[in-house]
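Hi,

Here is the structure I promised to pass on to you. Have a look at it first, and then read on for my notes.

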Amino acid sequence: MRAARIDRFGAPEVVHLADVPKPQPKPDELLVRVKATTVSVADQRLRSRRVPRGVTLLAAPTIGLLRPRLHVLGMEAAGVVESVGSAVTSYAPGDEVIVMRGARMGCHADYVTVPEGGEVARKPRNRSFDEAAAVIFGGHTAVRYLDGVTIGPGSEVLVNGASGAVGTAVVQLAAARGATVTAVTSARNADLVRSLGAARVIDYEREDFAAPGTAARYDVIVECVGNAPFARVAHLIRPGGALLLVIADLPAMLAAGRQTRRSGIRVDHRGGDMGAEGMSRLAALAEAGDLRPVIDRTYELDEVVEAHRYVDTGRKRGSVVLRVG
Ligand SMILES: NC(=O)c1ccc[n+]([C@@H]2O[C@H](COP(=O)([O-])OP(=O)(O)OC[C@H]3O[C@@H](n4cnc5c(N)ncnc54)[C@H](OP(=O)(O)O)[C@@H]3O)[C@@H](O)[C@H]2O)c1
């Protein structure tokens, strides 16, 4: 089968199309023909080995240290079940599904496998494969982190980095729960985040949302950029509130427990688990329109290097879809 492969770390040009063996499903697995996936920040990180400060050794068992451990990137996919293992009972060939392989990657290829009880769910019926693929990476992250907080009408939520794959999903899901969302983004993305449900927009190029003396207070801050650690934003969070660190370096991870105990603010750098149940909820949110896909650009598999180049700009809005099937 075709796959986008890396044999060394580096710039987008290290990615190349190759013929690799088609995976064989184990008895409890589905073999899925990939129709669409995305090139995400995770792919960029695994390709370039550019990880948050202090995390290189921690990530080595997954990413590799001198050479990539994973040769085919791609965390997630939307596709069609091609065949099922002998023990599979709830899926059949022809079923349309969404799959999250997470750190095992492998979705930038014609086929992937996933355990029946793993992170797989039926594709939202009213979404194309491109659209379904576009909600998985950000939606999965947003659901996992927002599951850890109680928000609803009257809650104030600030999303730092509201225009990325994760931010666009968090804005939508927080607004769908009734929270008042403040989105931190650049002026060029203000209309986008408003259309997703943000009530207020702060242009980070003109205003420091965390400036000392700022009167605004939030129940939850969701940090998706890497420049809003506890020390910078704790004074903005109400007692009993939460700082959700979608992106955290090693010092921030190590300090989170202590900060939580001392401040009464929940500092979470992990998010919760998803599983098959979470994937079904994610699909239902997409089908109901609470989580709409934000597709910036779409590339064919043989344009994968271009897709990586675009993700490397750091300016993508929502998802960059990679069409495989
Ligand atoms: N913990 C987890 O499980 C997990 C899961 C997924 C992702 N992540 C991490 O979360 C981070 C975000 O991921 P993503 O997929 O959302 O990234 P992304 O889609 O690449 O984010 C790109 C967006 O970031 C915005 N941005 C850049 N600098 C900004 C700033 N200073 N302030 C506000 N917005 C800014 C850009 O908007 P402008 O062009 O307007 O600047 C752009 O739209 C990544 O570091 C990723 O590694 C963690």
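Ile221 stands opposite Leu243 in β12. The strand that Ile221 belongs to, β11, is also paired on another side of the story: the bridge partner of Leu158 in β11 is Ile221 too. Strand β11 covers residues 218-223, and five bridges tie β11 to strand β12 (residues 237-245), the two running parallel. Strand β8 (residues 156-160) also runs parallel to β11, with four bridges between them. Two strands count as paired here if DSSP finds at least two bridges between them. Helices (H or I, at least four residues) and strands (E, at least two) are DSSP runs, numbered from the N terminus. Five of the six residues of β11 are buried, where buried means under 20% relative accessible area, exposed means over 50%, and partly exposed is in between (1.4 Å probe, protein chains only).

Before going further, some housekeeping. This is a predicted model, so local features need pLDDT of at least 70 and side-chain atom pairs count only at pLDDT 80 or more, while totals for chains, interfaces and linings use all residues. Residues are numbered from 1 along each chain as its sequence is written, and side-chain values use heavy atoms, with hydrogens and water left out.

Now the ligand. Which residues come nearest to it? Of the 26 residues around the ligand, those are Ser163, Ser186, Tyr204, Arg315 and Lys316; a residue is near if one of its heavy atoms lies within 4 Å. By type, the shell around the ligand splits into 11 nonpolar, 10 polar and five charged residues.

A polar backbone atom of Lys316 is 2.6 Å from a ligand oxygen, a polar side-chain atom of Arg45 lies 2.8 Å from one, and for a backbone N or O atom of Val166 the distance is 2.9 Å. The protein covers 85% of the 930 Å² of accessible area that the ligand has on its own (Shrake-Rupley method with a 1.4 Å probe; for residues, only the protein chains shown count as cover). Elements giving two or more residues to the shell are α1 (41-48), α3 (129-146), α4 (165-176) and β9 (180-185), and α3 has the largest share, four residues.

Why does the ligand lie between two domains? Domain 1 (2-139 + 273-323) and domain 2 (148-268) both give residues to the shell, so the ligand lies between them. The domain bounds come from an automatic or database domain assignment.

Next, a set of antiparallel strands. Eight of the 10 residues of β3 (residues 29-38) are buried, so β3 is largely enclosed by the rest of the structure. Strand β3 pairs antiparallel with β4 over seven bridges, and Thr37 has Ala77 as its bridge partner in β4. Five bridges join β3 to β6, again antiparallel, with Glu29 opposite Pro115. Three bridges link β3 to β15 (residues 319-323), also antiparallel, and there Ala36 is partnered by Arg323.

Strand β5 is likewise largely enclosed by the rest of the structure, because four of its five residues are buried. β4 and β5 are antiparallel over five bridges, with Gly79 partnered by Val97 in β5. On to β7 (residues 120-122): three bridges join β5 to β7, antiparallel, and Val99 has Val120 as its partner.

Finally, a few residues in loops. Asp95, between β4 (76-84) and β5 (96-100), is buried at 18% relative accessible area. The side chains of Asp95 and Arg122 make a polar contact of 3.1 Å, meaning a pair of N or O atoms within 3.5 Å; within protein, one must be able to donate a hydrogen and the other to accept it, and residues adjacent in sequence count only if both atoms are side-chain atoms.

Met105 has a positive phi of about 50 degrees although it is not a glycine. Met105 sits in the loop between β5 and β6 (111-115) and is buried, with a relative accessible area of 0%. Arg49 is not a glycine either, yet its phi is positive at about 60 degrees; Arg49 is partly exposed at 34%.

Cheers

Key: Ala, Val, Leu, Ile, Met, Phe, Trp, Tyr, Cys and Pro count as nonpolar, Asp, Glu, Lys and Arg as charged, and the others, Gly among them, as polar.
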